[in-house]
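Hi everyone, thanks for coming. I'd like to walk you through one structure today, starting with the overall picture and then zooming in on a few residues.

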Amino acid sequence: VEHVYTKFPEGRVRRQNIEIGGKDEQELEALLERIGSRIDGYVKSMMEHDDFKRSLREPNPKEPDYTKWNLKSPEEAKLIRLHVEDLGFPSSATTDQICARAEELGLELCPPEVGPQFRLQYTNQPMMEYVYVGMKQISDSDGNPSVFRVVRNDVGAWLSSGDWAKPTGRWGAVDEFVFRLRKKLLNP
């Protein structure tokens with residue numbers, strides 16, 4: 001299948017591939033700064049969170065200290081972009097409903113690294129576009145469960161946080177999320 005649509009012809013599902021892995025949190029932040037991407041303070045706190053740093057590394061059951069684990073090898077992440085209404089919610093849905101529906105459709109939550117990597121690699125983002133990363137929430141510096149948001153507006157390209165990503169937090173029908181195409185099929 002070359003193209004998939006949620007509504008024909010205007011609802012073509014957008015697919016984007018990016019490379020993830022092979023970089024730690026400091027390298028990712030330095031790369032974002034080097035390209036001139038704006039990073040809000042909440043994003044910095046999310047990237048300093050143990051959950052984010054641990055997700056960049058290959059688990060080693062023999063080593064309890066995750067900071068000594070090896071970084072994950074580079075790999076391609078196939079991303080699918082969908083609006084909340086494309087997931088079957090014509091007016092709004094909660095964070096939990098959105099994630100559950102994406103998984104029902106054969107998608108999976110993105111590893112947190114997709115946020116910074118998507119910002120780095122999405123160089124032709126249209127003006128005034130906001131894309132949230134469908135991921136397990138990470139607490140920001142205020143303790144709010146957050147997800148990454150890739151933005152381009154009149155101020156520039158941003159990696160910011162969507163800090164209302166509480167499980168029961170509501171999202172509008174036009175909010176757009178990126179999920180990962182499932183790497184492996186589930187056993188029946």
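So, how much accessible surface does the protein have, and what share of that belongs to carbon and sulfur atoms? The accessible surface is about 10300 Å², and carbon and sulfur atoms account for 49% of it. Before I go further, please keep in mind that this is a predicted model.

Okay, the overall picture. The protein has five helices and eleven strands. Along the principal axes, the C-alpha atoms fill a box of roughly 50 × 50 × 35 Å. For 188 residues, you'd expect a compact globule to have a radius of gyration near 16 Å, and the protein has 16 Å, so the two agree. As for burial, 43% of the 188 residues count as buried. If you take contacts between residues at least 6 apart in sequence, 69% of them join residues at least 24 apart. On the charge side, there are 27 positive and 31 negative side chains, and the centres of those two sets lie 3 Å apart.

Now let's go to helix H5, residues 114-121. Seven of its eight residues are buried, so H5 is largely enclosed by the rest of the structure. The buried ones are Val114, Gly115, Pro116, Gln117, Phe118, Arg119 and Leu120.

Let's stay with Arg119 for a moment. Is Arg119 buried or exposed? At 3% relative accessibility, Arg119 counts as buried, because the cut-off for that is under 20%. And what does its side chain find in there? A polar atom of the Arg119 side chain lies 2.8 Å from the backbone oxygen of Val151. Leaving aside neighbours within four places in sequence, the contacts of Arg119 include Leu32, Ile35 and Ser37, and also Val150, Val151, Arg152, Ala157, Trp158 and Leu159. Gly21 is 98 residues away from Arg119 along the chain, yet their C-alpha atoms are separated by 14 Å.

Moving on past H5, there's Met128, which sits in the loop between H5 and strand E6. Met128 isn't a glycine, but it has a positive phi of about 65°. For background, most residues other than glycine have a negative phi. Met128 counts as partly exposed, at 48% relative accessibility.

Which side chain does Glu25 make a polar contact with? That would be Arg57, at 3.3 Å between the two side chains. Setting aside neighbours within four places in sequence, Glu25 is also in contact with Met47, Phe52, Lys53 and Leu56.

Met47 takes us to helix H2, residues 41-48, where the buried residues are Val43, Ser45, Met46 and Met47. At the start of H2, a side-chain oxygen of Asp40 comes to within 3.0 Å of the backbone nitrogen of Tyr42.

Last stop, Lys68. You'll find Lys68 in the loop between helix H3 and strand E3. Lys68 counts as exposed, with 59% relative accessibility.

Notes. Residues numbered from 1 in each chain as written. Predicted model: local features only at pLDDT ≥ 70, side-chain atom pairs only at ≥ 80, totals over all residues. Heavy atoms only, no water. Polar contact = N/O pair within 3.5 Å; in protein donor to acceptor, adjacent residues only side chain to side chain. Contact = heavy atoms within 4.5 Å. Helix = DSSP H or I, 4+ residues; strand = E, 2+ residues; numbered from the N terminus. Rg over C-alpha atoms; globule rule 2.2 N^0.38 Å. Buried < 20%, exposed > 50% of the residue type's maximum accessible area, 1.4 Å probe, protein only. Areas by Shrake-Rupley, 256 points an atom, 1.4 Å probe, with all protein chains shown as cover. Lys, Arg positive; Asp, Glu negative; His and termini not counted. Charge placed at Lys NZ, Arg CZ, Asp CG, Glu CD.
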